[in-house]
Amino acid sequence: MPPSIKRPNLDSVTTINPDGSRFFPHPADVKGRFTTARRLVGVLLIAIYVLLPWIPINGHPAVLLDVTHRKFHLFGLTLLVQDVWLLFFVVSGVGFGLFYVTSLLGRIWCGWACPYTVFLDHVFRRIERWIEGDAPARRQLDAAPWGPAKIAKRGLKHLLFAACALGIAHVGLSYFIPLPQLYAYMKGSPMQHAAVFAGVTAYAAALYFCFGWFREQFCIVMCPYGRLQSALTDDDTMVIGYDYGRGEPRGKVKEAGHGDCIDCRRCVQVCPTSIDIRNGLQMECIGCAACIDACDDIMDKVKRPRGLIRYDSHKGLTGQKRTIIRPRIILYTALMLLGAAVLTWGLTRVHGFEMSIVRLRGMPYIADPGHIRNQFALRLLSKGDDPTTFQVTTENAPPGLTISGLGDVLTVPGGGELQQTLMLSLERPTYTGPFKFTITATPTDGRSPLKREVEFLGPDK
Amino acid sequence: MSDSTPSTPTPAPRPTGDEPVLRSHVFDGIQEFDQRLPNWWLMTFYFAIVWFVLYWTLYYQGGFFSNDQDRVTTELKAIQEVKNKELEKMLATLDNKVLWTWSQDPVIKNEGHAIYTRICSACHAADLSAKLGGAPLPGLPLNDQEWKYGNQPMDVFRMVGKGSPDKTQAIQMPPWEAVLSPSEIAKVSAFVMSHHTPPVAAN
């Protein structure tokens, strides 16, 4: 029989029993300013997650990653697969941003903004609390033999968990499939859209498993960001910490000669990953601030100043001078700004249309006694929903160069592409050697033109 | 840059009685804890072994599942079959008379014109004269009365699909059936023939 309460230490993971089995922590209820703020942030984030696909911008949802048509709508911007190079700067920018935030504020992302924590703390743990009661009641239910009451409670809990997992899976799916289409899928038979159905079922099953059973194990063992944090923080990082000098030695309130910590273990009881924050910053800490609220509450009761456990740097907690600006902050800020700058520049390079000109396969040029000709395939691609007309012209071309295949204007269907063969022809006496010139496609609706340089080739003299 | 280990470590926490067992073995002053892996972690490991055995047996040895190459080949074959079927169906209904009628149909003519502009006008010129600014283009003029490879609509249809029958020339018309569908070829042929007068018998 595994223990129902454990005393955390620094050398092993509390949520894994010595025999390898899982220890389920039952974090106690906690009230306070950080808990309230975190709940508000959580509800706001859930609202944002759910609503983003419902908000239309420029005729498309604010976020729609239409994988089927390889069109990615992001806040009014439409990106195609051709623009995927931007992803590099998005990922590196977000990565360095996380570096920056972590070295400044520790795992604030994990405790406050990570969707995993948001759904776990503000949806699933709330349901559990509502059905099974507070921490002692839950521990009692765990230990109780299986009977009608336990089956009813557990059954209802897991039914609601499954329903929420399905709901979140569908919210996730609405980022990839437009809502009307998703609704039609949901009304139709599963066999009609077997792949999507299998995908959403697997996704819901994974969510159910994670939030219903796996929980903090993901944050402790699997999440790569959690693993990275020890390399990103230093003595000046604001983390949640225990003021050792003020708290120790621990002892009863009424006895003299003790520090401020009364060893009530409230901070351990409320911890969702079952660590003792008084042992210092640990790998398992997701920075949820529950222990701060718990300790502040106790300190109020024993009429001692708040902040025995608080947001502070290691240096601050040990009474040294706090530094905010330090080399790694400067480096991470520079890298983050670099990523953001390149991404911004990249976004200005994304046009509503694309043009490519490639030499046709086969002979690089065709020469007959009178003329030299080059063949090119012109491809125009429009990302918008309406047809676009283009005027295609040449720049820096020598006089006498004629292009066949270009009408007055070229019309590209909305969201489609047009491929056109161009025949460039030059009279033989005019040709003095290979030369480069520019082909320009100007949309007739006044948007800025696209230019491509091509080279005209011919025989040696 | 400061080290990730705190420079002034917090005093060692007091023992709780739940500490893991330390193995007696010492090497260079380093000792090991005797801790078990999480059971769920071990399950993923065993699952990976079972998966490997099944996958290796069924996929690599049993050949129960088609590989990517086979799937691509099958898919391409299916596409070709659809095309062949369409061509067959087209050819069953298509003859010179039908194409002459099509050449007078404004809708078909327009569709054919769009294809002509896109594909053919580079060599045959927008006005079918195969001349651009007086200079000859590689294609043959299609608006005169001289026909090198047959003057019937079906001759044009075959020519567009299969390319020039004279494979000896350096510059020759490529076969377009890989790019255009049979109905597109028929429409562009009808557009070309719309520049010519149908024989009286067809009217």
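**Exercise 1.** Determine in which helix A:Leu207 is found, and whether A:Leu207 is buried or exposed.

*Solution.* A:Leu207 belongs to helix α8 (residues 194–214) of chain A; helices (H or I, at least four residues) and strands (E, at least two) are DSSP runs, numbered from the N terminus. The model is a predicted one, in which local features need pLDDT of at least 70, side-chain atom pairs count only at pLDDT 80 or more, and totals for chains, interfaces and linings use all residues. Residues are numbered from 1 along each chain as its sequence is written, while chains are lettered from A and ligands numbered from 1 in the order in which they are written.

Next, count neighbours. A residue is buried if 20 or more other C-beta atoms lie within 10 Å of its own, exposed if 12 or fewer, and partly exposed in between, with C-beta atoms placed from the backbone. A:Leu207 has 23 other C-beta atoms within 10 Å and is therefore buried.

Finally, identify the partners. Leaving aside residues up to four places away in sequence, A:Leu207 touches A:Ala165, A:Ile168 and A:Ala169; contact requires C-beta atoms, placed from the backbone, within 7 Å. A:Phe161 is 46 residues from A:Leu207 in sequence, with a C-alpha to C-alpha separation of 9.1 Å.

**Exercise 2.** Describe how α6(A) and α8(A) pack, giving the angle and the distance between their axes.

*Solution.* Two packed helices are described by the angle between their axes and the distance between the axes. For helix α6 (residues 148–173) of chain A and α8(A), the angle is about 130° and the axes are 8 Å apart. That angle makes α6(A) oblique to α8(A). Axes are lines fitted to C-alpha atoms, for helices over the stretch in contact, and angles run from 0 to 180 degrees between N-to-C directions. Angles under 35 degrees count as roughly parallel, over 145 as roughly antiparallel, 65 to 115 as roughly perpendicular and the rest as oblique.

The crossing of α6(A) and α8(A) is right-handed; a crossing is left-handed if the near helix is turned anticlockwise from the far one by less than a right angle, and right-handed if clockwise. The contact includes A:Phe161 and A:Ala165 of α6(A), and A:Leu207 and A:Phe211 of α8(A). By class, the contact of α6(A) with α8(A) comprises 13 nonpolar, 4 polar and no charged residues. Here Ala, Val, Leu, Ile, Met, Phe, Trp, Tyr, Cys and Pro count as nonpolar, Asp, Glu, Lys and Arg as charged, and the others, Gly among them, as polar.

**Exercise 3.** State at what angle the axes of α2(A) and α10(A) cross, and which residues meet.

*Solution.* The axes of helix α2 (residues 86–105) and helix α10 (residues 224–232), both of chain A, come within 9 Å and cross at roughly 60°. α2(A) and α10(A) are therefore oblique, and their crossing is right-handed. A:Leu98, A:Phe99, A:Thr102 and A:Ser103 of α2(A) meet A:Tyr225, A:Gln229 and A:Leu232 of α10(A). These residues divide into 4 nonpolar, 3 polar and no charged.

**Exercise 4.** Give the strand order of the open sheet in chain A that has 4 strands.

*Solution.* The order is β13-β11-β15-β16, with antiparallel pairing; strands pair if DSSP finds at least two bridges between them. β13 (410–412) and β16 (450–456) of chain A each have a single partner strand, so one side of each is left without a neighbour in the sheet. The twist averages 30° from one strand to the next. Within the sheet, β11 (residues 388–395) and β15 (residues 435–443) of chain A are joined by 6 bridges, and A:Phe390 has A:Pro443 as its bridge partner in β15(A).

**Exercise 5.** Find which peptide bond is cis, and what phi A:Arg215 takes.

*Solution.* Most residues other than glycine have a negative phi, and most peptide bonds are trans. The bond from A:Glu248 to A:Pro249 is cis, with omega near -15°. A:Arg215, in the loop between α8 and α9 (216–222) of chain A, has a positive phi of about 45°.

Conventions
Contact = placed C-beta atoms within 7 Å.
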